[in-house]
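Welcome! Here is a short briefing to read alongside the structure.

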Amino acid sequence: MKQWLTLYKKELLEMVRNYKWIWVPLTFILIAVKEPMTLYYMPQIIDSLGGLPEGAVIELPVPSAGEALAASLSQYNTLGVLIIVLITMGVIAGERKSGVAGIILVKPVSYARFVTAKWAGVMLLIWFSYFCGYFLSWYYVGILFEFISFTDFIQSFFVYGIWLTFVLTITIFFNSFLQSPGAVGFITMGITILLSLVSSSLSHLLDWSPALLSVYTNTLIMGNGFPEELMPTILISLFMIILSLFASIAIFRKRELA
Amino acid sequence: MPVVSINGLKKRFQDQEVIKGLDFQLTEGKCVALLGANGAGKTTTLKMLSGLMKPDSGTIVFEGAEKGDFRSLIGYLPQYPVFYDWMTGREFLEYTGKLAGLSNKEAKGRAQELLELVGIADAKNRRIGKYSGGMKQRLGIAQAIIHRPKLVMLDEPVSALDPFGRREVLELMEKLKKETTILFSTHILNDAEEVCDEILFLHNGKLVEAGTMSQLKDKHQQAKIDLVFKENTSRYSEELSVLYPVTSIKINGEKASLFVEDVEGAKKLFLTEITSRNLPLIKFEISRTSLEDVFMKVVQK
């Protein structure tokens, strides 16, 4: 445990030193808050851009509070996932590529602690940033539209967080055997996009796919309650997260490090 | 007592066999040089000994290793050490110390001690990214010995350094020798000769020669007489070599080396001949072949 803490503290310190604790939360906030703002101010934006020609009538339906918040999450589904992959793709692969892993792992460091400390480090950063962004988005939706109940907010926060955790863990998984951060990023993005596409087009077959967590979160936010597929999906996602983590450790232990 | 025994070590990369079966032991308290030309397999051997690479076959047995994990017994400095550039030297040493199982307090104390030993105490609070090559090398040595390992392995510790840096690192190794067993690789014979007790000669993935410095010298060194004349060095030397059974003669520019079995007899004869004919002698030197020659001889075999 002592060694794990040493490794974990190093991860957090590194993120302080390269300012990840500043720019990642800021980006997550920007991504999330932008949506309710643009939706709310859309008429004014169109006006300021020259307005509509005389006589043209376009009915802009006023979005509901739920739709505004869901819009934030759909941004996370693209930009948020991209940032997570970008941050995580080098955590192990990068250290191996640079050669510093050759110094660290010659010390009696447990491979399991090494991998999990890195995972936990990124987890804290992402969940913190995601909370900041999502909370502010919820707050602005409340101010501009109407407040969504706090329970719904918290529930959707955790459910969608599982999807983000899944993406993060998959990225760590590919880190355990690919040496190039670029390859890790590319493959993880590919898999994430593919999984989302396949799951949404074949949703009747794959209604327990982790990629559908975002869809179920929307249902939650809209105030439509807990979809019945949600619980199994959560369980399957958690299971896959744990499985990938164990697999990462097992593969990492077997790999030659230099 | 052997610190580590290596038996039948082999390693293959794709279709090329890089290490073709190594057997050797390292004795406690000795400083051993792993000598060889570029591509001889030195780095691969060290990487296998450090556990970073897995041998295809063969065993590496460390005295006192628990469950095959010998990492707490060894310290390793890679050929091109890389650190976390955003850490300071002190932080990095404390970090590696704690990873190796020292308590916070021990790690702090030991880091300070080593920073002073390797001579970078002034820069301890500077980011490693700002360190020079020599400072990084010394930091690398410090991290390798922070947990007082039984065996310290240094991969080309001085090859990339300027003459001053090299001097300092060699002196540092001289100090380390008193505390632990050292195995270091180099392609520079002088460095090996200077700090080492024993030599392992690696060529094309095989151990071609091994032993203590004096054993090697006795085995391979030949007495020779170097001659330099003002002119016609080669002609005079050849004329002289007829007088006495010379095993071989090597002419190297203005210098001729005559290899002989019995130096004393040859010396007497040559000098008499030179004085009686009044040859324009500039230099007459009796010496023995250097390790450099041994190196060349072994490699060309």
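How much area do chain A and chain B bury between them? The two chains bury about 2,700 Å², and 63% of that lies on carbon and sulfur atoms; buried area is the accessible area (1.4 Å probe) that two parts lose on being put together, summed over both. This is a predicted model, in which local features need pLDDT of at least 70 and side-chain atom pairs count only at pLDDT 80 or more, while totals for chains, interfaces and linings use all residues. Residues are numbered from 1 along each chain as its sequence is written, chains are lettered from A and ligands numbered from 1 in the order in which they are written, and side-chain values use heavy atoms, with hydrogens and water left out.

**Where the chains meet**
- Chain A brings 28 residues to the contact and chain B brings 32 (contact means heavy atoms within 4.5 Å).
- There is one salt bridge between chain A and chain B (a side-chain nitrogen of Lys or Arg within 4 Å of a carboxyl oxygen of Asp or Glu).
- That link joins Arg17(A) to Glu91(B), with the closest N and O atoms 2.8 Å apart.
- On the side of chain A that touches chain B, the elements giving two or more residues are α1 (2-17), α4 (93-98), α5 (100-104) and α10 (230-254).
- Of these, α1(A) supplies the largest share, eight residues.

**Chain A on its own**
- Chain A holds 10 helices and zero strands (helices are DSSP runs of H or I with at least four residues, strands runs of E with at least two, numbered from the N terminus).
- Its C-alpha atoms fill a box of roughly 75 × 40 × 30 Å, taken along the principal axes.

**The sheet of chain B**
- Six strands of chain B form an open sheet in the order β5-β6-β7-β3-β8-β9, with mixed pairing (two strands pair if DSSP finds at least two bridges between them).
- β5 (74-77) and β9 (206-212) of chain B each have a single partner strand, so one side of each is left without a neighbour in the sheet.
- Strands β3 (residues 31-35) and β8 (residues 198-203) of chain B run parallel and are joined by four bridges.
- In β8(B), Ile199(B) is the bridge partner of Ala33(B).

**Helices on the sheet**
- Helix α1 (residues 42-50) of chain B packs on the sheet, touching β3, β5, β6 (151-155), β7 (181-186) and β8 of chain B.
- The direction of this helix makes about 145° with that of β6(B) (axes are lines fitted to C-alpha atoms, for helices over the stretch in contact, and angles run from 0 to 180 degrees between N-to-C directions).
- Helix α7 (residues 213-220) of chain B lies across β8 and β9 of chain B, at about 110° to β9(B).
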